[in-house]
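Subject: Structure handover

Hello,

Here is the structure I promised to pass on. Please open it first, then read the notes below.

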Amino acid sequence: MKEVIDIGLPPLKQPFSWAVKSAGILFTGHGPVRKDGTLDTGPIEDQARLTFSNLKMALEAAGGTLDDVAQVLIYMTDVADMPVIDEVYREFFKAPYPNRSSAGVALVAPGMKIEIVAYAAIANRQST
């Protein structure tokens with residue numbers, strides 16, 4: 001059974017959910033979307049930081065943390081941005097790092113420079 005997780009971002013106009021949890025796995029994908037639903041089209045550093053902040057928000061809404069992330073897929077419009085993305089990535093993730101793959105792509109939203117997909121194993125935690 002799958003559970004759609006409300007992560008605090010506005011509903012999408014496209015047919016997908018921000019985050020879905022099934023069998024203890026969180027499936028989530030994010031770009032530089034602000035809480036009001038607008039897209040940050042500024043510098044890659046700002047877009048990356050907002051994108052990873054959205055991931056963190058999704059994990060927390062699902063009862064997890066960044067430590068639960070097993071894999072991250074990074075899509076960027078300019079592979080020359082990878083060093084900046086790596087710098088921001090290290091603000092959010094610490095060793096041992098999740099498995100990761102990165103690719104240069106064309107993204108569908110004009111001005112969007114980064115999009116990520118992440119998979120996290122989130123055990124059902126009991127409140128204490």
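Start with the lining of the largest pocket: by class, 13 residues are nonpolar, 6 are polar and 2 are charged. In that count, Ala, Val, Leu, Ile, Met, Phe, Trp, Tyr, Cys and Pro are nonpolar, Asp, Glu, Lys and Arg are charged, and the others, Gly among them, are polar.

Two notes on the source. This is a predicted model, in which local features need pLDDT of at least 70, side-chain atom pairs count only at pLDDT 80 or more, and totals for chains, interfaces and linings use all residues. Residues are numbered from 1 along each chain as its sequence is written, and side-chain values use heavy atoms, with hydrogens and water left out.

**The pocket**

The volume of the largest pocket is about 470 Å³. Its lining has 21 residues, and the closest to the pocket centre are L12, Q14, F16, W18 and V33. Helices (H or I, at least four residues) and strands (E, at least two) are DSSP runs, numbered from the N terminus. A pocket is an open set of points on a 1 Å grid over the protein atoms alone, where a 1.4 Å probe fits, with protein on both sides within 12 Å along at least five of seven lines; lining residues have an atom within 4 Å of a point. The volume is the space filled by probe spheres set on the points, which are joined across faces, edges and corners.

**The core**

The largest nonpolar core has 31 residues. F52, I74 and F93 have the most contacts inside this core. α1 (44-61), β4 (69-76), α2 (82-92) and β6 (114-121) each supply at least two of its residues. The largest share, 7 residues, comes from α1. Such a core is a set of buried Ala, Val, Leu, Ile, Met, Phe, Trp, Tyr and Cys residues joined through side-chain atoms within 4.5 Å.

F52 sits in helix α1. Its relative accessible area is 0%, so F52 is buried. (Buried means under 20% relative accessible area, exposed over 50%, partly exposed in between, with a 1.4 Å probe and protein chains only.) Leaving out residues up to four places away in sequence, F52 touches V72, I74, I85, V88, Y89, F92, F93, I114 and I116. Contact here means heavy atoms within 4.5 Å.

Now look at α2. Its buried residues include M82, I85, D86, V88, Y89 and F92. What covers the buried residues of α2 includes α1, β4, β5 and β6.

**T28 in β3**

T28 lies in strand β3. It is buried, because its relative accessibility is 6%. A polar atom of the T28 side chain lies 2.8 Å from the backbone oxygen of W18. The side chains of T28 and H30 are joined by a polar contact of 2.5 Å. (A polar contact is a pair of N or O atoms within 3.5 Å; within protein, one must be able to donate a hydrogen and the other to accept it, and residues adjacent in sequence count only if both atoms are side-chain atoms.) Beyond four places in sequence, T28 touches W18, A19, L55, A58, I116, V117 and A118.

**Loops to check**

- I5 is in the loop between β1 (2-4) and β2. It is buried, with a relative accessible area of 7%. I5 and A62 are 57 residues apart in sequence, yet 6.3 Å apart in space, C-alpha to C-alpha.
- A23 is in the loop between β2 (19-22) and β3. A23 is not a glycine, but its phi is positive, about 50°. Most residues other than glycine have a negative phi, and most peptide bonds are trans. A23 is exposed, with a relative accessible area of 76%.
- P96 is in the loop between α2 and β5 (99-104). A cis peptide bond joins A95 and P96, with omega about 0°.
- G111 is in the loop between β5 and β6. It is partly exposed, at 39% relative accessible area. G111 and T41 are 70 residues apart in sequence and 4.8 Å apart in space, C-alpha to C-alpha. Leaving aside neighbours within four places, G111 is in contact with D40, T41 and Q47.

Best wishes
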